Amino acid sequence: MFPDGATLPANPSGEGRAKTVLPKASARVLMPNRNQLELRASDLESLVPPGHRARIVWGYVERQDLSGLYAGIKAVEGGVGRAAIAPEILYALWLYATLEGVGHARGIARLTQTHDAYRWICGGVQVNYPTLADFRSQEGDALDELLTDNVASLMAAGVVKFKTAAQDGMRVRASAGAASFRREERLKACLEAARQQVATLKAQQADDPAGESARKQAAQRRAVSEREARIEAALARQPERAAIKKKQGKKPEEARSSTTDADATIMKMGDGGFRPAYNLQFATDAESQVVFGVEVVTAGTDQGQLSPMVEQVSERCGQTPENWLVDGGYPGHGQIDAVAESTTVYAPVPKAKDPKTDVHQPKAKDSPAVAQWRERMKSDEAKALYKDRAATAECVNALARNRGLNRLLVRGLKRVKGVALLFALAHNVMRAATLAPELVGLAACRTWSPGNRQILLFGMKKAGICRF
């Protein structure tokens with residue numbers, strides 16, 4: 001605008017003179033101080049809103065007969081010793097943690113100190129992780145009885161009608177590595193080494209009793225003894241595994257067992273890989289999606305699992321569903337004959353090698369039950385009914401996966417059975433909250449005003465109770 005070197009004319013009158021600019025003051029704000037201590041007066045009851053999962057679980061637990069869990073408590077009124085933690089608390093914690101996808105005792109113990117829902121369940125009672133772990137591992141029989149009571153209450157409420165059942169298995173990764181599987185010769189060598197180590201530790205303690213602390217010595221002996229016991233259990237399973245290898249046409253000496261979890265078996269998983277796993281079997285009512293049968297097997301196939309499950313459901317419930325839906329891995333001819341008098345099996349008929357062969361036509365060697373099964377699966381009614389299998393069994397399996405049943409954190413068939421029972425019980429509690437709310441303490445909501453009822457149902461849906 002002005003040429004180089006040009007200057008503006010001076011203003012002798014002082015008009016338009018630039019004013020002095022003062023420095024701007026810093027803004028005054030409030031920043032968070034998270035190190036300050038706060039004393040907040042509140043009761044635990046106000047921390048959990050109505051319709052929360054924790055309230056649903058506790059409402060169910062406090063209505064159950066837990067005499068089987070109380071039987072093992074040695075502390076009694078008027079006696080000596082510290083009072084035991086109420087089984088209601090431990091049972092409710094495991095049910096709620098299962099629904100939330102928390103499957104380890106240490107995690108639950110931490111949450112009882114930090115999470116409002118877990119704190120509400122405890123009600124000020126301090127719970128440690130060894131107590132939680134022992135409850136799950138030692139109360140397997142009591143959990144099985146609780147599942148029987150659970151199904152019985154749902155039957156009495158008219159929820160389970162036993163018209164159609166669906167059975168399916170899901171393979172869950174075991175808490176064992178593939179490298180822990182060894183053949184018999186190697187297992188015997190490991191067992192001899194473990195026994196020598198036990199003898200060495202005992203000799204060291206006898207020679208120098210003051211060398212190590214008593215607590216450390218006990219821990220070392222316990223670790224070596226547990227390893228010795230696991231190797232002995234692995235050797236005990238070798239004959240069974242050798243027989244399976246021989247039946248498969250393989251060399252029996254190739255049979256291997258795990259030194260970490262002797263009950264784990266290498267199975268083919270859903271992604272096509274082979275890993276140590278357990279086969280968890282669930283039998284579910286097709287109409288209500290209530291689980292009334294739970295079993296854990298070490299076989300990697302579903303062959304032979306139909307008849308044991310039908311027998312278990314019959315003993316547990318006093319009756320058997322009219323129809324039983326399974327996939328193509330179950331219908332062996334012997335299994336169909338075994339359950340023919342109890343239920344009607346619906347399963348796909350295997351395809352023949354010759355595409356011109358009619359697989360639904362009875363064969364000369366077929367038993368009457370097998371011949372009826374072939375003819376039955378040809379009808380449109382059977383095909384329509386069989387569609388309920390995937391909608392029932394696969395839905396239950398998917399919910400279990402979403403709740404954390406992807407890898408087991410316990411070892412041994414008995415403990416894995418306890419985990420499977422907890423998943424079935426937690427699943428049934430949520431079904432009861434939807435189909436029979438009076439069983440979990442929600443009967444009062446039926447007499448509420450429509451506005452309050454909608455608020456409660458919204459809270460239940462937000463908590464994941466009405467999402468089935």
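**Entry 1**

I began with E45, which is partly exposed, its relative accessible area being 44%. I note that the model I am reading is a predicted one. I then looked up the partner of E45 and found a salt bridge with R55, in which the closest N and O atoms are 2.8 Å apart. R55 lies in helix α1 (residues 53-61) and E45 in the segment before α1, so this pair ties together parts that are 10 residues apart in sequence. I also checked the accessibility of R55: at 22% it counts as partly exposed, because the buried class ends under 20%.

**Entry 2. The chain as a whole**

I turned next to the overall figures. The chain has 468 residues, and 42% of them count as buried. I recorded 15 helices and 8 strands. For contacts between residues at least 6 apart in sequence, I noted that 69% join residues at least 24 apart. The chain exposes about 26900 Å², of which carbon and sulfur atoms supply 51%.

**Entry 3. Further salt bridges**

I reminded myself of the general principle that side chains of opposite charge can pair when their charged atoms come close. How many salt bridges are counted here? The count comes to 15.

I looked up E62 and R63, whose side chains meet in a salt bridge with an N to O distance of 3.2 Å. E62 is partly exposed at 48% relative accessibility, and R63 is partly exposed at 43%.

I then examined E240 and R237, which form a salt bridge with their closest N and O atoms 3.1 Å apart. Both residues belong to helix α9 (residues 214-247), where they stand 3 residues apart and are thus separated by about one helical turn. Is R237 buried or exposed? I found a relative accessibility of 9% for R237, so this residue counts as buried. E240, by contrast, is partly exposed, with a relative accessible area of 40%.

**Entry 4. A negative patch**

Which residues form a negative surface patch? I listed D65, D141, E145 and D149. I followed one of these, E145, to helix α7, which spans residues 140-156. E145 has a relative accessible area of 49% and is therefore partly exposed, since the exposed class requires over 50%.

Notes:
Residues numbered from 1 in each chain as written. Predicted model: local features only at pLDDT ≥ 70, side-chain atom pairs only at ≥ 80, totals over all residues. Heavy atoms only, no water. Helix = DSSP H or I, 4+ residues; strand = E, 2+ residues; numbered from the N terminus. Buried < 20%, exposed > 50% of the residue type's maximum accessible area, 1.4 Å probe, protein only. Contact = heavy atoms within 4.5 Å. Areas by Shrake-Rupley, 256 points an atom, 1.4 Å probe, with all protein chains shown as cover. Patch = residues over 30% accessible without salt bridge, like charges linked within 9 Å, V, L, I, M, F, W, Y side chains within 5 Å. Salt bridge = Lys/Arg side-chain N within 4 Å of Asp/Glu carboxyl O. Lys, Arg positive; Asp, Glu negative; His and termini not counted. Charge placed at Lys NZ, Arg CZ, Asp CG, Glu CD.
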